[in-house]
Amino acid sequence: MRTLAWAVVAALFALLPLAVHSDVVLTVLVFACLQGMLAASFNLIFGFTGQLSMFHAAAFGIAAYATHLSMEHLQVSFWIGTLLAACLVAVLSLIVGSICFRFRLREFYFAVVTLAFSEMARLLILNWNSVTNGSLGINLQEKPTVWWPGAGVVKLDGTVPWYYVALAGLALTLLVCHRLVHSWMGRCFAAIRLNDALGDALGINVFRYKLAAFMVGSVIAAVTGSLYAYYLGSIEPGFLSVDQSLAIVAMVLLGGRRSVAAPVFGAFLLTALPHVIHFPAEVRSIVYGAILIATILLLPRGIYGTVSAVLRRG
Amino acid sequence: MGMRRSAALIAAAALAALPAGGAVAQEVVKIGQIEAQTGPLATYGWMGYQGVKMAVDEINRAGGFTVAGKKYRLEQISPDTRANPQEALIQLKQLLENDKVRFVFGPFLTNVFNGIEPYATQNNGKFLLMGGATAMHGMLGKPNHDYLLRTWNWDAGQSGFGQLLVDYLKKQGAKKVAMLFQNDAFGKVAVDIYSPIFKQAGIELQVELFEPGTKDFSAPLAKLGAGKPDYLFPGYTDAVLYDIVRQATETGLFSRFFLVRGSLAPGLKNKEAIDDYIAYLPKYFEEAEKKEPKVKAFVAAYKAFFKTSDFPYDQAPLCSSSCYDHVYMLVEAMKRAGTVDDVAKIKKELMSMTYSGLWNIRYDSTGEAVFDFDVVHMKKGGVVTATHVQPK
Amino acid sequence: MAQLILGQLLNGAIVGTLYGIIALGVSLTFGITGIVNFALGVFMMLGAYAAWYLTDTLHAPYPLAVAGAVALVAAAGWIADQLLFRFTRNDLVNGLLVSIGLIAALEGTALLAWTSTPKEMHHILPGVFFALGLVVPKMKLTVFAILLVAIALTQLALTRTWMGRAAYAYAQNAEAAQLMGVHTGRLQTGVMVYSTALAGFGGALYASLYSLEPTLGSLYVLKAVEAAILAGIGSIAGALVGGIILGVTEGVGSIYLPLAFRDAYGLIFLVAVLLFKPSGLFGGRR
Amino acid sequence: MLLEVRGLTKRFGGLTAVANVSFGIERGEIVAVFGPNGSGKTTLLSLIAGMMRPTAGTILWKGAAISEWQAHDVAAGGLVKTFQNPQLFMELTAMEHLLIASHLALKRRLGVRRLLTLLGAHAGGAQAAAAQDDIRRHAEGVLALCRLQVAAHRKAAELSYGEEKMLGVAMALMCEPELLLLDEPASGLGAAEIENLEAVLHDLRAQGVTLCVIDHKVGFLGKLADRAIALHHGARIAEGSPAQVLADPQVVEAYLGRRHA
C-alpha cells in the first residue's frame with residue numbers, strides 16, 4: 001500500500017516536466033531535491049542514530065572542491081571525480097568519526113568537535129589560494145555528461161536534465177536510507193539513539209554502527225556536493241559554513257526527524273517558501289525564526305510527522 | 001542581428017503580457033535588483049537597495065519619464081539574496097522569466113555573481129546586469145558577456161585610481177606600507193592589485209589578511225607595527241575601519257593611514273591622534289554637500305525618505321554611485337535610445353554617454369564605470385584638503 | 001619580540017574575559033537547564049546596541065547606560081525563557097533550535113531598527129596606560145577589571161547564597177537537590193535570566209571598545225561555547241580561564257602563524273583538550 | 001570450567017567495591033551470589049560483563065582472559081548480563097526490543113553476509129531469509145518463555161515494572177547466552193511476579209542454560225541454586241550449597257550487623 005503510494009508520488013515527480021514548463025519552478029525543484037538529499041542523509045546520523053553532526057556541510061563542500069580538482073588535475077570525468085570525492089569524504093569522515101566516537105564524545109561535545117573539524121576545513125579551503133582560489137571561489141565551466149535514453153551521451157545542460165539527475169539522486173538517497181533504517185542495522189542505530197549502554201550490553205558494537213551511520217550520511221552529502229556545485233556552476237568556501245549545517249538541521253526539524261521522508265519535506269519547504277511568499281528582507285528573517293520556533297515548540301514531530309500522524313489516526 | 005530580433009520578440013511578448021486597459025495608464029519599466037540585504041555581508045547590498053529605491057521613487061513621483069512619446073514609470077523588484085548563490089540564481093530566473101525584467105542591478109558579492117554568471121551568460125542579449133562584484137571585472141568584454149556592466153571603477157589600469165594614489169603616497173615620502181585587509185574576495189584581489197603597484201613605486205609592502213568579523217586587531221597591528229612601517233593600509237569597509245583606526249591610533253602604533261575604500265569618518269573620530277589620513281573617496285560628501293546643490297538635495301532627500309537624522313556619509317558613495325545615479329543614467333539612456341526594451345541599443349547609449357548626476361559617470365570600452373573621485377588628505381586635528389580627480 | 005608576546009598575552013587575556021563572561025552564561029545555562037543557549041550572542045548584541053543608544057542618542061552617562069542595557073536584556077531574557085526556553089528544558093537539540101530561531105528573529109529586528117551600517121559609541125575613556133613597556137588603552141583595562149569583578153561576584157553568589165548553592169547542588173545531582181527542596185522551575189528561570197543579563201553586560205561593555213553590527217554576537221557566542229567546553233561545563237573560574245586561554249591562543253597564535261587561520265588555533269586546542277580530558281580542563285568526572 | 005574469576009579486585013578511589021574475589025562456574029550449573037546491599041555484587045557482575053575494568057585480578061571465559069574486553073565483545077562471546085533496574089528503549093515495543101537483541105543471533109548465523117540483506121530482504125539468499133524467519137520464531141519463543149506474549153506489541157513505557165524486568169531477561173536470552181548473569185532479577189517484584197520469575201528460571205534450567213543470579217537475600221534462590229557464594233564488603237565470606245552458606249556464622253553476622261545498623 002505505502003509502496004504503491006510512493007510509486008505514484010515518484011511517477012508524478014518524474015512526469016512533472018511534461019506539465020510544468022517554468023524554468024523557475026524546475027530550478028527550485030532541482031535545488032529542493034539536492035537539499036532534500038542533504039537533509040535525508042543528515043537525518044540518518046541525527047534523527048535515527050542520535051548524533052548531532054556539524055560535519056555535513058563540510059562533507060558537502062569538500063566533495064564539491066575535490067570533484068573539481070580531480071577533474072582538473074587528473075583529467076577524469078565528472079562521475080569519476082564524484083566517486084573520488086566520495087572516497088575522500090569517506091576517509092575523512094572515517095577519521096573524524098573514529099576520533100569522536102573512540103573518545104566517546106556525546107551529544108553536544110560531538111557537535112562541537114565535528115563543528116571544529118568543519119571550520120578547520122573551511123579555513124583551509126579559504127586560505128589555500130593556489131589550489132582553491134580562496135575567497136574568490138571557482139567558476140565551473142565544464143558540464144557533466146550522461147547517457148540519455150534515445151539521445152546517447154549528452155551534456156548535462158539546462159534545467160530539465162538536471163531535474164532528472166537530482167530527482168534520481170533523491171530517490172536513491174531515500175531508498176538507501178529506507179533500507180538501512182528498516183534493516184537490522186537500522187535497529188542498531190535505534191539502539192544507539194535510545195540507550196547505547198544497553199545496546200552495548202546486547203552485543204552491539206556501538207562504535208562501529210555510529211561510524212557506519214556517520215560515514216554513509218557524509219558520503220551521500222559528498223555526492224550531493226558535487227551535483228550541487230556543477231548544477232550551480234561555481235564553488236566557494238561558503239559551502240562549508242556553519243550556516244549551511246544549521247540550515248540542514250532546520251530542514252530536518254521542520255520536516256520531522258522520525259521518518260525517512262520527512263526531512264525532504266522540510267527541505268522542499270525551506271527551499272521554495274522564500275520564492276513563493278515575498279517579505280521585505282528583515283521581516284523574512286524574523287518570520288523564518290518564528291516559523292522555526294513555532295514548529296519546534298508546537299509540532300515536535302515536525303510538520304510532515306504531525307500531518308502523517310493525524311492522517312493515520314483517521 | 002539574431003540577438004536583436006529575439007530581444008524584440010521578447011519585448012513584444014512582454015508588452016502583450018502587461019495588463020491592458022485603463023487600469024494602468026502608464027507602461028511600467030521594471031528594474032530588478034539582486035543584493036544581499038541581510039547578514040554580515042549585507043552592507044553594500046543594503047545601501048545599493050536604498051539607492052535604487054530613492055531614485056525609482058523620485059522618478060515616479062515626478063510623473064515618470066517619456067520615451068518615444070510614451071510615458072513610463074519604474075518598478076523596483078529587489079529580493080534578498082542573503083549572500084547565497086542558490087537564492088540569487090532562482091531570483092534572477094524569476095526576474096527574467098516571470099517579471100520579464102530587462103535591467104538588473106547587482107550583485108556586489110563575488111560568490112553570488114559566480115552563482116548566476118552561467119545562467120546570465122546563457123541569456124546574453126536579453127538583459128543588462130549592472131553590478132559591482134569584484135569577479136565581474138575579469139568577465140567584462142568576454143564573448144557572450146554583452147549583458148555585463150560594472151558600476152564600480154577598478155583600482156588598476158590607466159583610468160584606475162590605484163596608481164595615482166600610490167604616487168601621491170610616494171610624494172608624502174612613504175617608504176614602507178603595512179596592508180591589513182579582510183580575507184574575502186576583494187581583499188584577496190586588492191593584494192594582487194596593489195603589490196605590483198607598490199613594488200613599482202619602490203615602496204615596501206607587508207600584508208596581513210584577517211577573517212571578516214574580526215573586531216580586535218591588537219595582534220596584527222602589533223605584528224605589523226613591529227616592522228615600523230610609516231603608513232597603515234587598512235581594510236575597505238567602515239565596519240572594520242572604525243575598529244582598526246581606533247586601535248591603531250590608541251596604542252600609538254600608527255598615525256598615518258592610506259585608504260582606497262571606506263570613508264573619512266573613522267579618521268575624523270580619531271583626528272587628534274592622526275598625522276595623515278589619505279583616502280580615495282568616490283565622493284567627499286561632507287564637502288560636496290556644502291558646494292554642490294545636487295548633493296545637498298540628495299542628502300536631504302535621503303534623510304526625508306528613510307526618516308533618519310544621521311546620513312551615512314561613509315556608505316553614501318555605494319548608495320549614490322552604484323545605484324541612485326545609475327538608475328537616472330539608465331533612464332537617460334532609454335530616452336536617447338528611444339526604446340525601453342532593446343537592451344542592445346540602450347547599452348550602446350550607456351557606453352557612449354557621460355552622465356552628470358551626483359557624479360560624472362561614464363563607461364570605458366569594456367563596460368566598467370569610470371567616474372570622478374576625490375583624494376582626501378586629513379591632517380592632525382581634522383584639517384582636510386581634497387583634490388578632485390578626473391581620470392583619463 | 002618579548003614585548004610583542006607580553007602585549008598579546010595581556011590583550012589576549014582582556015579579549016578572553018569578554019569571551020569568558022558569555023561562556024559563564026553558556027556554562028551555567030547548560031549545567032542547570034541542559035540547554036546550549038546560542039541566543040546569548042544576540043542578547044549580547046542587544047545589550048551593546050542598548051548601551052550605545054542610551055549613551056549616544058539619549059545622552060545618558062555610560063555607567064547608567066550599562067545598567068539600563070543589562071536591565072533591558074535581562075527582561076528580554078526573562079520573556080524568552082517564559083515564552084520559549086521553558087518548554088525546551090533538558091532538551092539539548094530543541095533548545096539549540098529555538099535559540100537559532102531566536103537569533104534569526106532578533107537579528108532581523110536589529111536590522112530593522114539600526115540597519116547594517118556600523119555604529120560606534122563615542123570614546124568613553126580615551127587614552128592609554130603605559131606599564132612595563134606595554135601600551136594598553138584605558139578603556140580596555142577598565143573593562144577587563146569590571147569583567148573580572150563581575151565573574152568573581154558570580155562565583156561568590158554561587159557559593160555563598162542559598163540560591164547559588166541550590167544551583168550548584170542541582171548541577172551536581174538534580175534529584176538530591178529537589179529532595180533538598182530546590183524549586184527546579186524557579187531555579188532554571190533564574191539561571192536563564194542571569195546568564196542573559198551577563199551577556200547583556202558583556203555587550204554593553206563591548207560597545208565601548210568595538211563598533212557594532214547586528215551580527216556581532218554570532219562570533220562571540222561560538223567562542224564562548226568553545227571556552228565553556230574547554231574549561232568544563234559548570235565551572236565558574238573555568239569559564240573565565242577558558243576564555244582567556246582562547247583569547248591568548250588566538251593573540252599569540254596570530255603573531256607567529258598566519259592571521260587568516262586565527263580562529264583555527266583555538267579550535268585545535270579545544271579538540272586536543274576534549275580528546276584527552278573530555279570533561280574539560282576544570283570539569284570533574286561526568 | 002566455563003567462567004573462572006581469580007583475585008578480582010575493583011577500587012573506586014578509597015572505596016574497595018570488590019576485594020580479591022575468586023570463584024568458578026561450571027557449564028549447566030546455577031550459582032547464586034548474594035550479600036547485603038553495597039556488598040559489591042553488582043560491581044562484580046559489571047566487571048565480569050566487561051562494563052568496568054578491574055583494578056586487579058583476571059577473568060577467564062572458556063580459558064581466555066576477557067577482563068580487558070569491551071562489553072559487546074563479552075556479550076558476543078556468550079556471556080550476557082541483565083540490569084538491576086531495567087534498561088529499555090522506552091519508545092519501542094517489547095517485540096522490537098527482542099529484534100534489536102537478536103543482533104548477535106543474526107551475526108552468528110550469517111556473518112558478513114548479513115550486509116547483503118541490506119540490499120533486499122532476499123538478497124542474502126535462501127539462507128539469509130531462513131535465518132531471519134528462524135530469529136523471529138526464536139523471539140516469539142522467548143516471549144512465550146518469559147510470559148510476555150500479551151506485552152509483545154506494547155511500548156516499553158507502558159509495561160509494568162515486573163514486565164520491564166522480564167523484558168530485560170528476554171533480551172538477554174535473545175543473545176543466546178552460554179552464561180546468563182542476572183542482576184537482582186527479583187528486587188522490587190511482587191509475590192506473584194517472583195513466582196513467575198522462578199517459573200521462568202526453572203524453564204531456563206530445564207533448557208540447560210548456565211545461570212549466575214545475584215540477590216541481596218537468598219529467598220527463592222535457596223531452592224533454585226546448586227551453589228551459593230556470599231559477599232560482604234566486596235569480599236567472599238562463604239561458598240557452598242545454599243543451606244551451608246546460610247548457616248555460615250559470618251553470613252549471619254553480616255545480615256544481623258545490617259539489621260542492627
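**Close-up 1. Chain D splits into domain 1 (3-88 + 161-260) and domain 2 (93-158).** These bounds come from an automatic or database domain assignment. Between the C-alpha centres of domain 1 of chain D and domain 2 of chain D there are 27 Å. This is a predicted model, where local features need pLDDT of at least 70 and side-chain atom pairs count only at pLDDT 80 or more, while totals for chains, interfaces and linings use all residues. Residues are numbered from 1 along each chain as its sequence is written, and chains are lettered from A and ligands numbered from 1 in the order in which they are written.

**Close-up 2. Here is where domain 1 of chain D touches domain 2 of chain D.** Domain 1 of chain D brings 17 residues to the contact and domain 2 of chain D brings 16 (two residues are in contact if their C-beta atoms, placed from the backbone, lie within 7 Å). On the domain 1 side, α2 (71-76), α6 (161-174) and α7 (191-206) of chain D each put in at least two residues; helices (H or I, at least four residues) and strands (E, at least two) are DSSP runs, numbered from the N terminus. α6(D) has the largest share of that side, with 9 residues. By type, the domain 1 side has 12 nonpolar, 1 polar and 4 charged residues. Ala, Val, Leu, Ile, Met, Phe, Trp, Tyr, Cys and Pro count as nonpolar, Asp, Glu, Lys and Arg as charged, and the others, Gly among them, as polar.

**Close-up 3. Chain C meets chain B.** In this contact, 27 residues of chain C face 30 residues of chain B. Elements giving two or more residues to the chain C side are α1 (2-33), α4 (92-114), β2 (134-137), α10 (236-256) and α11 (262-276) of chain C. The largest share, 5 residues, belongs to α1(C). The chain C side sorts into 12 nonpolar, 11 polar and 4 charged residues.
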